[in-house]
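Here are a few exercises to work through with the model open in your viewer. Try each one before reading its solution.

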Amino acid sequence: MVGNNMVRAVRRLPATTAYVALLGTTAVWMSSQSLREQARFVRHNSSNVHHLEVGKWWTLFTSGLVVDGVPVLLGIAAVAAVLGLAEWRWGSLRGFGVFLLGHLVATLLTEGAMWLMHLAHLPGVLARARDVGISYGLVATAACLLALGGRRARRYGLPALTAALTVAWIINHELADAGHLVALGIGVLGARTRWLGAPRKAPRKAPAECAGPVGPDPR
């Protein structure tokens with residue numbers, strides 16, 4: 001019975017299953033490597049200003065294969081839950097599309113801002129900064145789910161997520177924290193598109209006013 005349920009879940013959630021498998025495989029491989037090799041792998045797969053300048057655009061995708069900033073099992077479980085719910089609700093194309101769009105657009109916008117600061121020779125800009133992780137896509141997908149959820153999700157869940165991410169940015173002032181807020185906005189905007197939103201119902205016709213029986217004009 002359990003095996004049959006797992007098979008059904010895999011068939012229903014192929015994108016989530018494949019992505020979770022990639023995250024798990026990467027995590028297992030990294031755990032078998034030395035700390036130096038792990039740092040080297042992260043460094044070469046960071047989607048930072050330097051890599052984008054030299055044409056290593058593939059780091060936009062490979063950076064999303066590393067769970068960073070949280071325990072690995074917690075990060076993978078969060079992806080399985082959030083992405084799985086999105087794929088279950090919207091299908092593989094749209095569910096994973098929201099996740100991928102949040103990851104890519106938030107990365108490009110934050111790194112684009114860093115690139116402009118780098119061109120202006122502003123202090124504190126790290127062109128080779130460490131920038132990997134699943135959080136941008138995760139935040140965008142969660143925000144989209146909350147925005148399209150029930151009344152309580154929209155009234156309490158979305159403001160709570162916004163407040164938590166805003167406080168984190170105020171305290172840390174890190175690039176990733178700013179990217180989380182960008183990803184939040186992407187998710188909310190995505191929820192307003194016809195691609196994800198429920199089709200609008202046709203407006204009801206106003207009932208005809210009761211004017212008495214229709215007949216010839218007595219005049």
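**Exercise 1.** How many salt bridges does a search of the whole structure find?

*Solution.* First, the ground rules: this is a predicted model, where local features need pLDDT of at least 70, side-chain atom pairs count only at pLDDT 80 or more, and totals for chains, interfaces and linings use all residues. Residues are numbered from 1 along each chain as its sequence is written, and side-chain values use heavy atoms, leaving out hydrogens and water.

Next, apply the criterion: a side-chain nitrogen of Lys or Arg within 4 Å of a carboxyl oxygen of Asp or Glu. The search turns up two salt bridges.

**Exercise 2.** Take the salt bridge of R130 and describe its partner and setting.

*Solution.* Step one: R130 pairs with D68, with the closest N and O atoms 2.6 Å apart. Step two: the pair ties together distant parts of the chain, 62 residues apart, with R130 in the loop between α7 and α8 (135-147) and D68 in the loop between α5 (59-62) and α6 (72-90). (Helices here are DSSP runs of H or I, at least four residues, numbered from the N terminus.) Step three: R130 is exposed at 55% relative accessibility, while D68 is partly exposed at 30%. The cut-offs are under 20% for buried, over 50% for exposed and partly exposed in between, using a 1.4 Å probe and protein chains only.

**Exercise 3.** Now do likewise for E37 and R40.

*Solution.* Their closest N and O atoms are 3.4 Å apart. Both sit in helix α3 (residues 35-44), three residues apart, so about one helical turn separates them. E37 is partly exposed at 24%, and R40 is partly exposed at 41%.

Methods
Helix = DSSP H or I, 4+ residues; strand = E, 2+ residues; numbered from the N terminus.
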